[in-house]
Amino acid sequence: MASHLLQSPTRSSLSLTLGLLPGFKVVFSLFSSLCRRKPSPFSAPRDAPPVPKKVPFTVSAHGTSWEDPYHWMCNTADPDLSAYLRHENSYAEAFMADTRNHQRTLFSEMNSRMPTNISTPTERWGPWLYYQYIPEGKEYPVLCRKLATDTNGWAKSLFNYVRGEFGREKVLLDWNEIAEEYGTLLNECDKHPYSVGVLLRNVSNVKDNVYFGRSDKNGSFLWFHVTNEIYVHVGTCRVSPNHNFLAYTLDITGSERFMLQIKDLRSGRILPELRVDGVVSLAWARDGCTLFYTITDENQRPYRVLCLKLGSDAVNNVPIFTESDPSFCVDITSTKDGKFITVFVINATNPEEGLRRMNKRIPGVQYFLEHHYGFFYILTNAPLTDKELSVGNYYLARCQVDDVQLANWQNIIPPSEDISIQDMDIFHGHLVLFLDNKGCSMISSINMPIDVNYKVN
């Protein structure tokens, strides 16, 4: 019984035990004096936490209605919202005031385990090595490239050596510079070890300037007075096949509506006349001057593919394909070798040939294409015969580039009840399949050119 008492967490539980066992009142009273907890070193703030206002509002959707008294918070320009967030920050600051030393200790321990250099492995593309890294003291990555040392041709190697190209890093896109350009930090106001100001990072179009904090190397949070636009998101980045241009999309409002920008990598200049709003996906043609991209409608649904050509006197955004069915979205991508662009199918070497449809549209059916030496390799869940109505597991098929009719497809790896194909990746000499074998993830590598009778074991 004494051991039970010593494990009782509070005096209220002791009084409950006393009431249940009246014969042990004296003994329990002695133990209760020994089991009193020491006062907590942390104290709660004297002020009550802020309570947001409630505004009656009824939401209706799909035949159901409900009350949402906090719907007013959707309006980020409401001064009451920024005032409420400031009160939340002040309350949290006071509530956590006694833990500042612990925060610094925890931050220091976690920070000591972080690698000093965060970078991706270099990826060879043509004569260049592309990679990303986060500079020391910065928060966002930098996209870079440098010439490989084994560039073909001794004359070209010597020429690049004289120019000082070998080993010299070239910054293509710096996320930190973009953040400074569109979210200028005006001045450092105060240093404080705690902040929930991250709540304000995604608040856009606020009329009054707001405060937010970010950590420095010492475990403190630097409070900054910032302008209204502090949200920067780089979406898609695509380098042209001739390595002369970088196309990327940028969102500076938090609305997830991206603007297309094209940078000339030779001069480092952004082409101002080629900025397009509402862009989602990008794909370059083989000439390095023709860019395909998708734009969104008023519901932010990617629905149209357009094409622009750099170097022409007039910027012609020519429509290529429009999806009129609002239940479908449009996406474009290039095959890994860059020879084809998939919307339907566009020849990236000669995009003027127009579109070719791989197969008729079937609800629930998807096609993922890759190209390898004159063959399309297709990962799909399409019915194998016209008589089949239901969509099955994914399987791998292929067809010749000049004959994409479904009747002429070769089924390389048929669908299986035990093994499902999740994804594929194609290389010069190998086809890699990502499989699921009864819930167990597996990777299978197949030599290329592929044997039509190949079976996954």
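This is a predicted model: local features need pLDDT of at least 70, side-chain atom pairs count only at pLDDT 80 or more; totals for chains, interfaces and linings use all residues.
**View 1. A four-stranded open sheet.** Follow the strands across the sheet and you meet them in the order β23-β24-β25-β26, with antiparallel pairing. The edges belong to β23 (367-372) and β26 (410-413); each has a single partner strand, so one of its sides has no neighbour in the sheet. Ignoring direction, neighbouring strands here are turned by 30° against each other on average.

**View 2. The pairing of β24 with β25.** Here we step in on residues 375-380 of β24 and residues 395-400 of β25, which are joined in the antiparallel sense over six bridges. As a reminder, strands of a sheet pair through backbone hydrogen bonds.

**View 3. The largest nonpolar core.** This core holds 17 residues, and Leu260, Ile262, Leu291, Tyr293 and Leu310 have the most contacts inside it. Two or more residues come from each of β12 (245-251), β13 (259-264), β16 (279-284), β17 (290-296) and β18 (302-309). Take Ile262 as your guide: beyond its neighbours within four places in sequence, Ile262 is in contact with residues including Phe245, Leu271, Leu291 and Leu310. Another core, of 16 residues, lies apart from this one, and among its members are Trp128, Tyr182, Val234 and Leu265.

View 4. Cys399 is buried, because its relative accessibility of 1% falls under the 20% cut-off. Cys289, at a relative accessible area of 23%, is partly exposed. If you are wondering about disulfides, a search of the whole structure finds zero.

How values were computed
Residues are numbered from 1 along each chain as its sequence is written. Side-chain values use heavy atoms; hydrogens and water are left out. Two strands pair if DSSP finds at least two bridges between them. Axes are lines fitted to C-alpha atoms, for helices over the stretch in contact, and angles run from 0 to 180 degrees between N-to-C directions. A nonpolar core is a set of buried Ala, Val, Leu, Ile, Met, Phe, Trp, Tyr and Cys residues joined through side-chain atoms within 4.5 Å. Buried means under 20% relative accessible area, exposed over 50%, partly exposed in between (1.4 Å probe, protein chains only). Contact means heavy atoms within 4.5 Å. A disulfide is a pair of cysteine sulfur atoms within 2.5 Å.
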